[in-house]
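This report goes through a few helix contacts and strands in turn. The sequence and structure come first.

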2 protein chains.
Amino acid sequence: MTIEFAKEILQGSQLAVSRVITWLENEDERARACMEKIYSHTGNAYVVGITGSPGTGKSTLTDGLTWEMRKKNLTVGIVAVDPSSPFTGGALLGDRIRMTRHSSDPGVYMRSMATRGALGGLAQFTQEATKVLDASGKDFVIIETVGVGQDEVDIMSVADTTCVVLVPGLGDVIQSMKAGIMEIADIYVINKSDRPGADQLFSEVTYRVQQDVHLRNRKWVPPVIKTIALEGQGEDDLLDAIMTHRKFLEDSGEFLVKRRNRTRTETLQMIHHELFQLIMNRLSENDQIEKMVAAIMEHKLSPYNVVEQVVSKWLPGSK
Amino acid sequence: MTIEFAKEILQGSQLAVSRVITWLENEDERARACMEKIYSHTGNAYVVGITGSPGTGKSTLTDGLTWEMRKKNLTVGIVAVDPSSPFTGGALLGDRIRMTRHSSDPGVYMRSMATRGALGGLAQFTQEATKVLDASGKDFVIIETVGVGQDEVDIMSVADTTCVVLVPGLGDVIQSMKAGIMEIADIYVINKSDRPGADQLFSEVTYRVQQDVHLRNRKWVPPVIKTIALEGQGEDDLLDAIMTHRKFLEDSGEFLVKRRNRTRTETLQMIHHELFQLIMNRLSENDQIEKMVAAIMEHKLSPYNVVEQVVSKWLPGSK
């Protein structure tokens, strides 16, 4: 049954893609068998990340970039994630209404998701949904995410090229550039560049990029691209910049290094996640968790004693 | 040696507190022995969380609230965390300069920290730093954190009373109230309430709170408090509201439920963290991780196979 879905994904069925992504979203066990089947067919799609604060026009930009890719006959999968909405997924849906022009195009698949409470769950979901789209034969996968915090940095670790979107007059750029952004940005996009302050923002970002490149002796100099996504201007330049970065990664050997690092991180995360599931399952038997908690609350045990007991029981010889 | 530090913490030494929090921050092994010693002396401090978007004046408000507590001769520990700055800790430091009026007061201890990349590391750090301050005899611990994403929700799980700070004219309140905020807020603070739009914001928040209380049949109705932290106005009302919430929790039995849930979460996290560390240590021997990654890159194994191998080797009988 799940093997059928794996086959259909490999044949490019959007229906099968949807189904399996829903399983991933719901942490449905059936996803696993399917992911195992398709794994060896992944690694072909090029993954582009688009991130920026709310209000920078990421959705419109993603839409325009998708359009440019389609003009070159490239197929596109889009995963839009919103880590800032842990409980309700409403925020992105409004934006998504704009993307109607691709909705009847079989060369484009779009899926959005807001965070649930899961520890590190969103980054893992993004990773796996990306793999499904990759296996389904999409040439590009675009990951779009709101914000510039640790969640977004984790999510963006899946991307080959990360684009950070800024707009003139929206908050303190210097502060947001502090927040880990310079570590992950391969390309800067100044969207809404017809607004006042665009030239100043351009100069400021260019200056900081040069400083950073010099300081850390980086080989890639992130370009700063101006766009007006609402009017469809500049997305062609953005796609060119992405292609140039891709060539740089491939020629310099960094592409392989990046992918190896990602495989390492993914595998360790999966072990991490699996362990937690096992711990929960085992400790749930016979109310063990509740007994432990009661003993701690009565100060008969400390959590440290409990950890030691559990670990020495489960991983003997570990100390 | 570390036992000496534990003793000194229990006697209220700020120096020992600083030292051990630094160990926690650096994941220094010496912290563990100390935390074990002090654990049975924790649970006395009342923990207040203060969260809100950047620019809402949380630091000034924390400062004012601390002042109100000091007027009642209550001692205060403050842990300020900034999950939005994963790589540099600069953002908060500027704010912190304001807190000088407490710097010579032995009844106040203040510590700030910005995120490192650690998986779930910041919430755990906050938890443990809170326990150190608790054991050192502080009556209150205030946890201050920037933002309203999943990181902040995790951090705030340590608090007995969570205050969410809003200001008029700063972005879309409806959106930020969607973002999990209503699930964690025990008290809303409208800071900078002399600004235009404060009354409207007050009405809007009050309305949504009533809706939420009705919808989910909640027993506690979160009050909406107006403050002007820069002028020291309203912090007395805020402290009153915190005290009222505390009394509500204690009288209704929810206090015990909350603390029990927190103990459960903490213990499970510690077990998870410890097991993962141990397995990582084992996998680091003989370059095992790199061998696994190479096999995955060559499509000889999938990460799913690797997870299964690792788990069944180290936690036999788990399936």
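This is a predicted model: local features need pLDDT of at least 70, side-chain atom pairs count only at pLDDT 80 or more; totals for chains, interfaces and linings use all residues.

The crossing of α13(A) past α11(B) is right-handed.

On the chain A side, the residues of α13(A) in this contact are A:Pro303, A:Val306, A:Val307, A:Val310 and A:Val311. Their partners in α11(B) are B:Glu266, B:Thr267, B:Met270, B:Ile271, B:Glu274, B:Leu275 and B:Leu278. Sorted by class, the contact of α13(A) with α11(B) has nine nonpolar residues, one polar residue and two charged residues.

## Helix contact within chain B

From α2(B), the residues B:Val20, B:Trp23 and B:Leu24 meet B:Arg30, B:Ala31 and B:Cys34 of α3(B). By class, the contact of α2(B) with α3(B) has five nonpolar residues, no polar residues and one charged residue.

## Chain A overall

Chain A has 13 helices and seven strands. Of its 319 residues, 48% are buried. Among contacts in chain A with a separation of 6 or more, 76% are between residues 24 or more positions apart.

Strand β4 of chain A covers residues 140-146. Seven of the seven residues of β4(A) are buried, so the strand is largely enclosed by the rest of the structure. A:Phe140, A:Ile142, A:Glu144 and A:Val146 point one way from β4(A), while A:Val141, A:Ile143 and A:Thr145 point the other way. The buried residues on these two faces include A:Glu144 and A:Thr145.

Two strands of chain A pair with β4(A). Strand β1 (residues 46-52) pairs with β4(A) in the parallel sense over seven bridges, and β2(A) pairs with β4(A) in the parallel sense over six bridges. A:Phe140 of β4(A) has A:Tyr46 opposite, and A:Val76 also stands opposite A:Phe140.

Strand β2 (residues 76-82) is mostly covered, with seven of its seven residues buried. A:Val76, A:Ile78, A:Ala80 and A:Asp82 point one way from β2(A), and A:Gly77, A:Val79 and A:Val81 point the other way. All of these residues are buried, A:Asp82 included.

## A:Leu201 in helix α9

A:Leu201 lies in helix α9 of chain A, which runs over residues 198-215. Is A:Leu201 buried or exposed? Its C-beta neighbours inside 10 Å number 22, so A:Leu201 counts as buried; the cut-off for a buried residue is 20 or more.

A:Leu201 and A:Leu166 are 35 residues apart in sequence. In space, the two residues are 8.7 Å apart, C-alpha to C-alpha.

Terms used:
Residues are numbered from 1 along each chain as its sequence is written. Chains are lettered from A and ligands numbered from 1 in the order in which they are written. Helices (H or I, at least four residues) and strands (E, at least two) are DSSP runs, numbered from the N terminus. A residue is buried if 20 or more other C-beta atoms lie within 10 Å of its own, exposed if 12 or fewer, and partly exposed in between; C-beta atoms are placed from the backbone. Two residues are in contact if their C-beta atoms, placed from the backbone, lie within 7 Å. Two strands pair if DSSP finds at least two bridges between them. A crossing is left-handed if the near helix is turned anticlockwise from the far one by less than a right angle, and right-handed if clockwise. Ala, Val, Leu, Ile, Met, Phe, Trp, Tyr, Cys and Pro count as nonpolar, Asp, Glu, Lys and Arg as charged, and the others, Gly among them, as polar.
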